[in-house]
Amino acid sequence: MTVFLAGGGFQGVIQQVVFGVASGGIYASLALALVLIYRAMDIANFAQGEMAMFSTFVAYSLITFAHLPYLVVFPLTIAISFLGGMAIERVLIRPFEGSPPLTMVIVTLGLFSIVNGLGGLLFGYVFKTFPSPFLASPINIGGVYIGLQDLGVIVVVLAVLVVVYLFFQRTRLGLAMRAAALYPESSRLMGVQVSWMLALGWGLAAAVGAVSGMMVAPIVFLDPNMMQPVLLYAFAAAVLGGIESPVGAVVGGVIVGVTLALVGAYVPGAQNIRVAIGLVIIVAVLVVRPSGLLGRAALSRV
C-alpha cells in the first residue's frame, strides 16, 4: 500500500481511513472470488490466493519475456485464468463433486500446496517487481494524500463488482449458474448442465482472482507467497460481509481494511499481530452473526 506521512488528530485518522479503504479494495477483490466459488459449490476454496498468484506470474512472464504491453496482458491474463479455473474444476474438483465438506477442504488445501510449489519451481522464490498501470504520485485533497495506485485499485474492484452483479442479475447464463448452485436437481430437469455451470463458476473466480493478484503485486512485490496474508484478510472480508454476497465481500473488505489500518496506526505493536486480528474478525463474526452483515440467515422448520 502506498504510504505517505500525515498529520495527527482528525486529519491523521482520515488518512488512515483512506489507506484502509485502498487496502480493503485488494481484500475485497479476492473475497469476491471466494464468494463466487462458495455460491457455485458451497465450499471455501483455500487455494484461491495461490491461483491468483500463479495468474500474476503468467502476466509477469507475458510482460517480461513476450514483451507485451500491460493493456494487452491484463485482459489476456484474465482470459487464461478463466480457462485455467475451468480446467481445474474439470480435472481436480469434479471427481469429488458431492463429497462431504471435509473432503473438499482437504482437496482445496492440496491444491494450495500444488500451486504454491509449482509457482516456486517455475518462477523461483526471488522477489520480482511487477509493473503498475497507475502513476505512483499522490494527490492532495485537503491535506489528505491519496495515491493514484490506491485509487486505481478501488476503481478496478468496483468495476469488477458491477460486472459480477450484472452477470448474475441480468444474463441468462448468470441466472442459470445461480439456479444450478441453489437447486441442482431442479435445474437438471430444466435442461441446465449443472456440471458446466460449476466449471464456469471456478473460471469466473479464477478470473476475478487474477485481477486481485495483478493489483496486489505492484504493492507487495511478486513472489509465490505474496497472496497468503491477503487470502486470510479476504476470508475475513467474505465472512464479515456474507459469504454468499458479492456486495458483502466488498463491504467486508473495506471494513477489514479500515480496521487493520486504524488498529495498526493507533494500537502499539498491532502491526505485528495483523494476521491475528484477521483471525479474530473471522471467529467473532461466526459466533455473533454467522451469515455476515449482508448474508441471509438459513431458516429451517423444527
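Biologist: In this protein, what percentage of the contacts between residues at least 6 apart in sequence join residues at least 24 apart?

Modeller: In this predicted model, the share is 74%. A pair counts as a contact when heavy atoms lie within 4.5 Å.

Biologist: How many helices and strands does the protein have, and in what order do the elements run?

Modeller: There are 11 helices and 2 strands. From the N terminus, the order is α-α-α-α-β-β-α-α-α-α-α-α-α.

Biologist: Why are H9 and H10 called oblique to each other?

Modeller: Helix H9 (residues 228-241) and helix H10 (residues 246-266) pack at an angle of about 120°, their axes being 7 Å apart. Roughly perpendicular covers 65 to 115 degrees and roughly antiparallel begins over 145; H9 and H10 are therefore oblique. Their crossing is right-handed.

Biologist: Which residues meet where H9 contacts H10, and how do they divide into nonpolar, polar and charged?

Modeller: From H9, Tyr233, Ala236, Ala237, Leu240 and Gly241 meet Gly248, Ala249, Gly252, Gly253, Ile255, Val256 and Leu260 of H10. The residues of this contact comprise 8 nonpolar, 4 polar and no charged, with Gly counted as polar.

Biologist: What percentage of the 302 residues is buried?

Modeller: Buried residues, those under 20% relative accessible area, make up 47% of the 302.

Definitions and conventions:
Residues are numbered from 1 along each chain as its sequence is written. This is a predicted model: local features need pLDDT of at least 70, side-chain atom pairs count only at pLDDT 80 or more; totals for chains, interfaces and linings use all residues. Side-chain values use heavy atoms; hydrogens and water are left out. Axes are lines fitted to C-alpha atoms, for helices over the stretch in contact, and angles run from 0 to 180 degrees between N-to-C directions. Helices (H or I, at least four residues) and strands (E, at least two) are DSSP runs, numbered from the N terminus. Angles under 35 degrees count as roughly parallel, over 145 as roughly antiparallel, 65 to 115 as roughly perpendicular and the rest as oblique. A crossing is left-handed if the near helix is turned anticlockwise from the far one by less than a right angle, and right-handed if clockwise. Buried means under 20% relative accessible area, exposed over 50%, partly exposed in between (1.4 Å probe, protein chains only).
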